[in-house]
Amino acid sequence: MSAIMSTYGRLPVAFASGAGAELFDQKGQAFLDALSGIAVTNLGHCHPNITRAITEQAETLLHTSNLYGISQQERLATELTQLTGMKKVFFCNSGAEANETAIKVARRHGANQGIKEPKIVVMEGAFHGRTMGALSATGSATIQEAFKPLLPGFIRIGRNDIEGLENIAKQHSDVVAIHLEPIQGESGIWPMELEFLQRARELCDQHNWLLSFDEVQSGNGRCGALYVFQRLGVAPDVLATAKGLGNGLPIGACMTNDRAGDLLIAGDHGTTYGGNPICCAAASAVVNTLSAEQLWDKADIVRGWILEGMRSHLNDSALIKEVRGQGLMIGIEPTVPTGDIVRMALDRRLLLNVAGGNTIRLLPPLVMNEPQAKSVGERVADILNELVKTL
């Protein structure tokens, strides 16, 4: 019996190595990785630029403390702000921590206005993490149920509900921010509509609210731009990111623009390991590789190969109800129950998962080549062809 706490329903496979878009099990069998550690290894496994940066930093310095200056952190912050137009960065260890920071920035924004019980508008279907603040902002009763009481201070509306947002603006004088994912991941890859995001921006400007985007999953080149907001043309005041930022090393970031940049002051927030030299060195290598090679331009190309492979192998196009998302954040909603699709994919040496209970979620790396991408689509189609026979 394992001594590891049973917080995950693990699949019966363990991997010994990885290269590019493939993972290799302990027998040396190759698996196509269309999940990227849930949107983490955007540059694939063991990218040479990242490995080199980690190795060189590990030979020099691993950790000091945020009590002292960290040159690798300064460099990464400069790179991120130059690429995003944001002004300040707080480094942490994960997406949940980045979202916790965004929540605290919003509450500090309210406190500075004398609002004693500030409210943050959040979305149904959202997922912001499993720490208590992020969990309370998350829009899933199933995930929250066993951990009540949740933190107060969140007003929830439906996804893309412009009328609901406008009603909140009329009825609540204590709102300080809107916090949302431009593309929801865990609930089944649901992009926010551009009209909704534009109206959210307008209301934030009119009412002195902060617009806060959670790009933990959608960011770092995954969706056709470094961050989705740059593709949409709707800029947030606060941006939370993580996952692909370290391509496997644990680092998150909460970025702020001029409106929110100086809200948190010394003593308001902190972290022991966040932004340590080795994680920042890896993230700098990620950011520079993405930027130098404009790898986010590959997101739509690889997406096209995957969908081409899938459609070419489907026995019946009616097996697909909808394909959602942008770039390499792909949600495929079939017309047949997804059943044991993750295990069926594993049998075909393909890694994927199901989100929202009925949507196949594909998050492959940007470095996936054409034969690999088409093979992902073909294997998904083969599974759907088999599933329909069981009905």
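**Exercise 1. Is Ile189 buried or exposed in this predicted model, and where does Ile189 sit?**

Solution. 
Step 1. Take the relative accessibility of Ile189: 0%.
Step 2. Compare with the cut-off: buried means under 20%. Ile189 therefore counts as buried.
Step 3. Locate the residue. Ile189 is in the loop between β8 (183–184) and β9 (190–191).
Step 4. Check the backbone. Phi of Ile189 is positive, about 60°, although the residue is not a glycine. Most residues other than glycine have a negative phi.

**Exercise 2. Which residues does a cis peptide bond join?**

Solution. 
Step 1. Most peptide bonds are trans.
Step 2. Find the cis bond between Lys148 and Pro149, where omega is about 10°.

**Exercise 3. How many aromatic pairs does a search of the whole structure find, and what parts does the Phe15 and Phe31 pair tie together?**

Solution. 
Step 1. Count. The search finds 1 aromatic pair.
Step 2. Work out the geometry. The ring centres of Phe15 and Phe31 are 5.3 Å apart and the planes stand at 80°, so the pair is edge-to-face. The cut-off for that label is over 60 degrees.
Step 3. Phe15 lies in strand β1 (residues 15–19) and Phe31 in strand β3 (residues 30–33), so the pair ties together parts 16 residues apart in sequence.
Step 4. Classify both. Phe15 is partly exposed, at 32% relative accessible area. Phe31 is buried, at 5%.

**Exercise 4. Where does the charged end of Arg324 sit?**

Solution. 
Step 1. Find the ring: Trp190.
Step 2. Give the distance. The charged end of Arg324 sits over this ring, 3.6 Å from its centre.

**Exercise 5. Which residues of helix α11 are buried, and what covers them?**

Solution. 
Step 1. α11 (residues 298–313) has 16 residues and spans 23 Å from first C-alpha to last, close to the expected 22 Å.
Step 2. List the buried residues: Ala299, Val302, Arg303, Trp305, Ile306, Leu307, Gly309 and Met310.
Step 3. Recall the helix rule. An α-helix has 3.6 residues a turn, so residues three or four places apart point the same way.
Step 4. Name the cover. It includes β13 (320–326), β14 (329–334), β17 (359–362) and α13 (370–389).

Definitions and conventions: Residues numbered from 1 in each chain as written. Predicted model: local features only at pLDDT ≥ 70, side-chain atom pairs only at ≥ 80, totals over all residues. Heavy atoms only, no water. Phe/Tyr/Trp six-rings, centres within 6.5 Å; stacked < 30°, edge-to-face > 60°. Helix = DSSP H or I, 4+ residues; strand = E, 2+ residues; numbered from the N terminus. Buried < 20%, exposed > 50% of the residue type's maximum accessible area, 1.4 Å probe, protein only. Lys NZ or Arg CZ within 6 Å of the ring centre and 35° of its normal. Expected span 1.5 Å × (residues − 1). Contact = heavy atoms within 4.5 Å.
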